[in-house]
Amino acid sequence: MQIFKPFCFIPKKRIEKEATEILQRMAKTPNYQLKFPLDTSRVAEFLGLDVVWDSIPDDEKGMIAARILPLEKLIEINEMIPELRGGFGESTIAHEVGHWVLHINQSMVEKYSKLPGKKKKTLNVEPLLCRNELNLSGIEWQAQYFASCLLMPQFKLKEVCQGRNLKQWRELYHIASELGVTISNLVHRLKDVGWIELTENSREIEIKSLS
């Protein structure tokens, strides 16, 4: 049973489209109206996933920030890492949702759910582990990019940035707070959508047009 999809390149536009479409579907569903900062547990719930905070022991590679158990449709966040409380926790849940959307074969999970109890017990699928790593690559980068698009969709970014002076760091900190993200995540997202530029080793911001 192939629960995890083999790794492949996924264009940024497709990742952003996947995140935006989930938000649009939520917005059209009673009891799931969108509010920002985004409650990512509600997004997980909308997709049929449970989220729990639990103690996750280290393994031979070190600390584990979170893991997703696909057959149980469960996201576990490590309560032993205090830094995950607050905005980092929302980002981590969004990251795990990204794995669920991009990297897990959901049709196979559905087939599994219809198996009789005895057959289910014979299957053993390892959880997908996520760590606190600065240099993300492969599926971890894809899940993190999805998280950024989910927490800061362009339609919401445009709304909160309209009429504000994005050259002022104080204004950017206000916007980051309104969206429940870190200032570095906000700046990275604004650069990625092409609305600002930041010279390397400088805090001087250059404004581009809001598309």
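Me: What covers the buried residues of α1?
Reply: The cover includes α2, α3 (87-103), α6, α7 and α9 (183-192). Contact here means heavy atoms within 4.5 Å, and buried means under 20% relative accessible area, with exposed over 50% and partly exposed in between (1.4 Å probe, protein chains only). Helices (H or I, at least four residues) and strands (E, at least two) are DSSP runs, numbered from the N terminus. Keep in mind that this is a predicted model: local features need pLDDT of at least 70, side-chain atom pairs count only at pLDDT 80 or more, and totals for chains, interfaces and linings use all residues. Residues are numbered from 1 along each chain as its sequence is written, and side-chain values use heavy atoms, with hydrogens and water left out.

Me: Thanks! Which residues of α1 are buried?
Reply: They are Ile15, Glu16, Ala19, Thr20, Ile22, Leu23 and Met26. Looking down the axis of α1, these buried residues fall within an arc of 150°, so they line one face of the helix. The arc is taken from the directions from the helix axis to the C-beta atoms.

Me: Why would residues three or four places apart point the same way?
Reply: An α-helix has 3.6 residues a turn, so residues at that spacing point the same way.

Me: And what is exposed on the other side of α1?
Reply: Lys13 and Lys17 are exposed there.

Me: How far apart are the end C-alpha atoms of α1?
Reply: They are 23 Å apart, which agrees with the 22 Å that its 16 residues should span at 1.5 Å a residue. The expected span is 1.5 Å times one less than the number of residues.

Me: Back to Glu16: what does Glu16 touch?
Reply: Leaving out residues up to four places away in sequence, Glu16 touches Tyr145, Cys149, Gln154 and Arg189. Glu16 sits in helix α1 and is buried, at a relative accessible area of 14%.

Me: Switching to rings, how many aromatic pairs does a search of the whole structure find?
Reply: The search finds 3. In one of them, Phe36 and Phe155 have ring centres 6.5 Å apart and planes at 80°, so that pair is edge-to-face. Phe36 is in the loop between α1 (12-27) and α2 (40-46) and Phe155 is in helix α7 (residues 154-161), so the pair ties together parts 119 residues apart in sequence. Then there are Trp141 and Tyr145, with ring centres 5.2 Å apart and planes at 10°, so that pair is stacked. For the cut-offs, rings of Phe, Tyr and Trp (its six-membered ring) pair if their centres lie within 6.5 Å; planes under 30 degrees apart count as stacked, over 60 as edge-to-face and the rest as tilted.

Me: How many residues apart are Trp141 and Tyr145 in helix α6?
Reply: They are 4 residues apart in α6 (residues 138-151), about one helical turn. Trp141 is partly exposed at 33% relative accessible area, whereas Tyr145 is buried at 9%.

Me: Which residue lies over the face of Trp169?
Reply: That is Arg203, at 4.1 Å from the ring centre. A charge sits over a ring if NZ of Lys or CZ of Arg is within 6 Å of the ring centre and within 35 degrees of the ring normal.

Me: How many disulfides does the structure hold?
Reply: It holds 0, a disulfide being a pair of cysteine sulfur atoms within 2.5 Å. For Cys149, the closest cysteine sulfur is in Cys161, 15 Å away and too far for a bond. Cys149 is buried at 0% relative accessibility, and Cys161 is buried at 2%.

Me: Now α7. Which of its residues are buried?
Reply: Lys156, Leu157, Val160 and Cys161. Down the axis of α7, they fall within an arc of 120°, so they line one face of the helix. These buried residues pack against α8 (169-179) and α9.

Me: What does Lys156 touch?
Reply: Lys156 touches Phe36 and Leu179, again not counting residues up to four places away in sequence. Its relative accessibility is 16%, so Lys156 counts as buried.

Me: Last one: what happens just after α7?
Reply: Gly163 takes a positive phi of about 75° there. Gln168 is in the loop between α7 and α8 and is partly exposed at 43% relative accessibility. Gln168 and Glu204 are 36 residues apart in sequence and 9.0 Å apart in space, C-alpha to C-alpha.
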